[in-house]
Amino acid sequence: MSAAVGRWTGLALGALLLTGCTMWIDHFVFFPDRRVGRAPAGVEERWLVAEDGVRLHAWHVPPRDAGPVLLWSHGNAGNIDSRRSLLAALAARGLGVLAYDYRGYGRSEGAPSERGVYLDAAAAFDDLVARGTDPATIVCFGESLGGAVSIEVATRRRCGAVIAVSAFTRLADVGRRHYGPLGSLAGDRFDSRSRLPRVATPVLVAHGDQDEIVPFELGERLFAAAAPPKHFFRIAGAGHNDALGRPALLDAITRFAREAVPRRHPGSS
């Protein structure tokens with residue numbers, strides 16, 4: 001989720017009241033940007049295909065020394081291009097990264113929906129495995145809305161670990177914090193709180209204690225729902241949109257990923 005939450009939540013709930021049709025909420029949840037520049041130096045451009053045939057665009061950086069690979073699901077606004085500096089920061093720490101754009105974002109085909117972004121994450125995971133990445137070294141890593149996407153795919157694919165940054169329990173919980181009872185109209189969309197207990201891998205939940213979009217308390221509640229082993233990282237002084245720019249968080253992500261996913265040597269099983 002981004003600073004656009006006020007716009008998309010308000011418009012979505014208003015549309016629901018006027019039409020009584022929950023399908024309209026997708027039009028106000030996602031804020032894709034179609035502009036994508038050339039891949040940064042040292043980054044491989046990839047194309048993936050989702051289960052329903054939608055073609056997706058991605059950038060890939062291999063890990064250093066056969067280490068962890070972050071399967072990165074971004075937030076509800078922008079695209080992978082708007083996060084190129086973060087990709088570089090993670091790669092500089094030796095982590096592998098596959099950053100993909102949901103359908104309707106960047107160069108990816110189609111239009112986004114809750115079901116669609118789940119299919120996109122599964123396609124990205126499967127593409128990594130098909131190209132030789134050990135599933136045990138894949139860390140499903142998501143920011144904000146992408147945290148919900150990462151948690152969902154981890155219930156269907158056995159990965160090495162899950163990292164959720166600035167994530168929420170359910171979309172409705174965020175809506176209620178900003179719009180009271182009207183937030184309940186979002187129903188059970190992006191219900192990470194009910195899914196996270198089914199994730200059978202180490203989990204890191206990180207949240208800014210000054211998050212003005214997704215309250216810190218929701219991050220704590222999401223963490224409480226996770227089964228052990230699990231870790232919580234409080235991003236001191238961080239809001240919603242500047243959390244991932246904190247070097248302390250990136251260092252914590254790197255430490256957690258390396259501890260949760262031991263280095264695999266060629267030929268090891």
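These legends walk through several close-up views of side-chain contacts in a predicted model. Local features need pLDDT of at least 70 and side-chain atom pairs count only at pLDDT 80 or more, while totals for chains, interfaces and linings use all residues. Residues are numbered from 1 along each chain as its sequence is written, and side-chain values use heavy atoms, with hydrogens and water left out.

**View 1. Asp 126 meets Arg 157 in a salt bridge.** Side chains of opposite charge can pair when their charged atoms come close. A salt bridge here is a side-chain nitrogen of Lys or Arg within 4 Å of a carboxyl oxygen of Asp or Glu. For Asp 126 and Arg 157, the closest N and O atoms are 2.8 Å apart. Asp 126 belongs to helix α4 (residues 114-130) and Arg 157 to the loop between α5 (145-154) and β8 (161-165), so their contact ties together parts that are 31 residues apart in sequence. Helices (H or I, at least four residues) and strands (E, at least two) are DSSP runs, numbered from the N terminus. Asp 126 is partly exposed at 35% relative accessible area; buried means under 20%, exposed over 50%, and partly exposed in between (1.4 Å probe, protein chains only).

**View 2. Arg 234 pairs with Asp 209.** Here the closest N and O atoms are 3.1 Å apart. Arg 234 sits in strand β10 (residues 230-235), and Asp 209 in the loop between β9 (203-208) and α8 (216-225). Asp 209 is buried, with a relative accessible area of 18%, whereas Arg 234 is partly exposed at 48%.

**View 3. Salt bridges link Glu 44, Arg 46, Asp 127 and Arg 131 in a network.** Across the whole structure, a search finds 16 salt bridges.

**View 4. Aromatic rings of Trp 72 and Phe 141 form a tilted pair.** Rings of Phe, Tyr and Trp (its six-membered ring) pair if their centres lie within 6.5 Å; planes under 30 degrees apart count as stacked, over 60 as edge-to-face and the rest as tilted. In this pair the centres are 5.8 Å apart and the planes are at 35 degrees. Trp 72 lies in strand β4 (residues 69-73) and Phe 141 in strand β7 (residues 138-143), 69 residues apart. Trp 72 is buried at 3% relative accessible area, and Phe 141 is buried at 0%.

**View 5. Phe 30, Tyr 118 and Phe 190 make up one aromatic cluster.** Tyr 118 and Phe 190 are both buried.
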